[in-house]
Amino acid sequence: FLQIKGNHRVALSREPVWTALLDPTVIKQALPGCDQLIETGQNAYTAQINIRVGPVTGAFESQFSLTDLKPPESYRLIIKGRGQTGFLDASGEIRLEEDGEARLLYYHMDASVGGRVASFGQRLIESTGRIVARQGLKKLDVALQEWGRQSH
């Protein structure tokens, strides 16, 4: 069992951030290791994601969906990834809150990991999860800035 949570400050107004968080292009850019993202339904996607945990690198065929949308405040994220090196099942919440001139993006994910990837131990998996989250947030900042320029 793995838990990743935190918050990230975003210097854009709520509506553009919310809209961008539902945009497949932004989602793909914000997912570290995402080579391919295909929309399979409303707020549902399949993705090819490459992740490295310790010495093991694996390609995961992942399905994820955004549910329980409460615009422009929060949604639930559900991820199921499978690959030759293991699996990941995760669910959590993405929430936006006002913070003066900026927005705080809160994230909380609970995940189970299995297979060869899980054999590296809880600490390495949690450390990798935090690194992937930080990488994703940096990529999200870039994607939000690009998205903001294109949508105005």
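User: What makes the radius of gyration of the protein agree with that of a compact globule?

Analyst: In this predicted model, the protein has a radius of gyration of 15 Å, and because a compact globule with 152 residues would have one near 15 Å, the two agree. Along the principal axes, the C-alpha trace spans about 45 × 30 × 25 Å.

User: What makes a residue count as buried, and what share of the protein does so?

Analyst: A residue is called buried when its relative accessible area is under 20%, and 41% of the 152 residues fall into that class. As for the surface, the protein exposes about 8500 Å², of which carbon and sulfur atoms supply 51%.

User: What makes the largest nonpolar core a core, and which residues have the most contacts inside it?

Analyst: Its members are buried nonpolar residues joined through side-chain atoms within 4.5 Å; the set has 37 residues, and those with the most contacts inside it are L21, L37, F64, L105 and L140. Helix 3, residues 122-151, supplies the largest share of this core, with seven residues.

User: How do you know which residues L105 is in contact with, leaving aside its neighbours within four places in sequence?

Analyst: Contact requires heavy atoms within 4.5 Å, and with those neighbours left aside the partners of L105 include G6, V10, L21, I94, L137 and L140.

User: Which elements does the protein have, and in what order do they run?

Analyst: There are three helices and seven strands, which run β-α-α-β-β-β-β-β-β-α from the N terminus on. Among contacts between residues at least 6 apart in sequence, 48% join residues at least 24 apart.

Note on methods
Residues are numbered from 1 along each chain as its sequence is written. This is a predicted model: local features need pLDDT of at least 70, side-chain atom pairs count only at pLDDT 80 or more; totals for chains, interfaces and linings use all residues. Side-chain values use heavy atoms; hydrogens and water are left out. Helices (H or I, at least four residues) and strands (E, at least two) are DSSP runs, numbered from the N terminus. The radius of gyration is taken over C-alpha atoms; the globule rule is 2.2 Å times the number of residues to the power 0.38. Buried means under 20% relative accessible area, exposed over 50%, partly exposed in between (1.4 Å probe, protein chains only). Accessible areas come from the Shrake-Rupley method with a 1.4 Å probe; for residues, only the protein chains shown count as cover.
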